[in-house]
Amino acid sequence: MTEPPLSAPVSYDRVWTNWAGNHTVTAAMYAQPRDEAEVVEAVRYAIRQGMNVRVAGTGHSFTPVVSTGGLMLDLTRLSGVTATDPQRLRATALAGTTVGRLGEPLWDAGLSLSNQGDIDKQVIAGALATATHGSGIELPNMSAAMRRVRLVDGNGEVVDIGEDRMRELRAAQVAIGSLGVMLEVELAVSPSYYITEEISYRPWQEIEESWDRLIAEHRHFSFFWCPADHSVDLYQLPAPPDQPMSNHCYVKIYDEVEVTEPDGLVSDDVGNRTDRAYRVYPGGYDEPFHEMEYMVPAEHGLEALNTIRRLMLDEFPDQLYPIEVRWTAADDAYLSPNYRRSTMVISVSGAPGTDYWPFLRAVDQRLQQYQARPHWGKLHFMTRDRLGELFPEFDTFLAVRREFDPHGTFLNDHLRPLLG
């Protein structure tokens, strides 16, 4: 009997589909390493065979970042918080740990993630690689918290990138998996904290008139603008049945709060919760949708949003998904959509099984005047030329990527035209 090529569990011709169902690929090999040694062995085998390598995560990207006909790695067995340091406000976790599984062990150490989004099912490596974020004008995306990463590079070697190598770290913070396979990450975190939630339903005019105040006065302010009454149903937003939602907003406000209850729980009523931050942040989204998300400079946010509102109402009245609006602070990662500028986030979606591409293309075209940058895990229309114009350190990123992966082992058909 022929010996298996890898120590890790392997399946062949594995069909993989992402959460949204818009990308399906057959990988020649699908491996599930159980430790660092098995990851290294798998990458070195792929290099010898001339196969490219991508990491699957939990499939929450809408773009084909995972797609490969070569070796697909599933790192979900490399999971767990491996170290906490309350004095330095640092935490270390294996790359396959989901965001949701960071909450309890960090809390037990008196720590919390400084911010997170409304989905916590992504593995931390994927969340970092794509610049996943929450909301808050003074809070950067999750990638900005990376202080060290241990990865396997395109030569099959294990490399540590820390704060003594800032050029490489700024590239690794948002790399879309193109530098190598992450093994372990160290994050800057915060002392544990509670947040209180306020969900409300407000007419658009009220949001527009209170724009600057709402952004400045709350730790997290975000909303969904709804073009029609039943738009809320498309995202399973819990609006009361008698609440008109056409040209209204489903508003989420989270603020930090002191809690003196012994167990920390004040209220678990959805829409009016007060609890540990990591318990309040995650939301629903049971039904798949196909999302595009662009970041525009915060100072142009209201103008840009009104541009897309008018586009939907006047030219695409059949597009009924709400526009989700959030804010994110500036950071220094070369490929971060928030590089050196605070941004407002505009998210639009199309219904699976429909031809939403003309609408998304029109949104892309309208937002180009604002130098909009993409979320790397969501649909976009970027080209290599546009990336060079939008990201001042794009060439620096490319140079680092080629140093770590000179033969393009970690590129696929989606990334090669952009980053090759």
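Modeller: Contact means heavy atoms within 4.5 Å of each other. This is a predicted model: local features need pLDDT of at least 70, side-chain atom pairs count only at pLDDT 80 or more, and totals for chains, interfaces and linings use all residues. Residues are numbered from 1 along each chain as its sequence is written, and side-chain values use heavy atoms, with hydrogens and water left out.

Biologist: How many helices and strands are in the protein chain?

Modeller: Helices are DSSP runs of H or I with at least four residues, strands are runs of E with at least two, and both are numbered from the N terminus. By that count, the protein chain has 13 helices and 19 strands.

Biologist: What radius of gyration does the protein chain have?

Modeller: The radius is taken over C-alpha atoms, and the globule rule is 2.2 Å times the number of residues to the power 0.38. Along its principal axes the C-alpha trace spans about 65 × 55 × 40 Å. For 420 residues a compact globule would come near 22 Å, so the chain agrees with its value of 21 Å.

Biologist: What share of the residues of the protein chain count as buried?

Modeller: Buried means under 20% relative accessible area, exposed means over 50%, and partly exposed lies in between (1.4 Å probe, protein chains only). Of the 420 residues, the buried share is 59%.

Biologist: Among contacts between residues at least 6 apart in sequence, what share join residues at least 24 apart?

Modeller: Start with the contacts in the protein chain between residues at least 6 apart in sequence. Then pick those that join residues at least 24 apart: they make up 72%.

Biologist: How far apart are the centres of the positive and negative side chains?

Modeller: Lys and Arg count as positive, Asp and Glu as negative, while His and the chain ends are not counted. Each charge is placed at NZ of Lys, CZ of Arg, CG of Asp or CD of Glu. There are 37 positive and 60 negative side chains, and the distance between the two centres is 6 Å.

Biologist: Which feature does UniProt place at residues 23-192?

Modeller: The span is 20% helix and 28% strand, and its end C-alpha atoms lie 38 Å apart. UniProt positions are in the numbering used here, with feature names shortened, and annotations may be inferred rather than shown by experiment. The unreviewed UniProt entry names this feature "domain: FAD-binding PCMH-type".

Biologist: Is Ser 67 buried or exposed?

Modeller: Ser 67 sits in the loop between β3 (53-55) and β4 (71-73). Leaving aside neighbours within four places in sequence, Ser 67 touches Val 25, Arg 54 and Asn 412. Its relative accessible area is 18%, so Ser 67 is buried.

Biologist: What distance separates the C-alpha atoms of Ser 67 and Thr 26?

Modeller: Along the chain, Ser 67 and Thr 26 are 41 residues apart.

Biologist: What distance separates the C-alpha atoms of Arg 88 and Ser 61?

Modeller: Arg 88 lies in the loop between β5 (81-85) and β6 (90-94). It is partly exposed because its relative accessibility is 45%. Arg 88 and Ser 61 are 27 residues apart along the chain, and the C-alpha separation is 32 Å.

Biologist: What is the phi of Ala 131?

Modeller: Ala 131 is in the loop between α3 (124-129) and β8 (146-152). It counts as buried because its relative accessibility is 0%. Ala 131 is not a glycine, yet its phi is positive, at about 65°.

Biologist: What value is phi of Ile 176 near?

Modeller: Ile 176 is in the loop between α4 (166-173) and β10 (181-188). At 4% relative accessibility, Ile 176 is buried. Its phi is positive in a residue other than glycine, near 55°.

Biologist: Which elements do the buried residues of α4 pack against?

Modeller: The buried residues in α4 are Glu 168, Leu 169, Ala 171, Ala 172 and Gln 173. They pack against α3, β8, β9 (158-161), β10 and α12 (394-404).

Biologist: Which residues is Gln 371 in contact with, leaving aside its neighbours within four places in sequence?

Modeller: Gln 371 lies in the loop between α10 (357-367) and β19 (373-374). It is partly exposed, since its relative accessible area is 40%. Its C-alpha is 6.5 Å from that of Leu 390, at 19 residues apart in sequence. Beyond its sequence neighbours within four places, Gln 371 contacts Met 295, Arg 341, Glu 389 and Leu 390.
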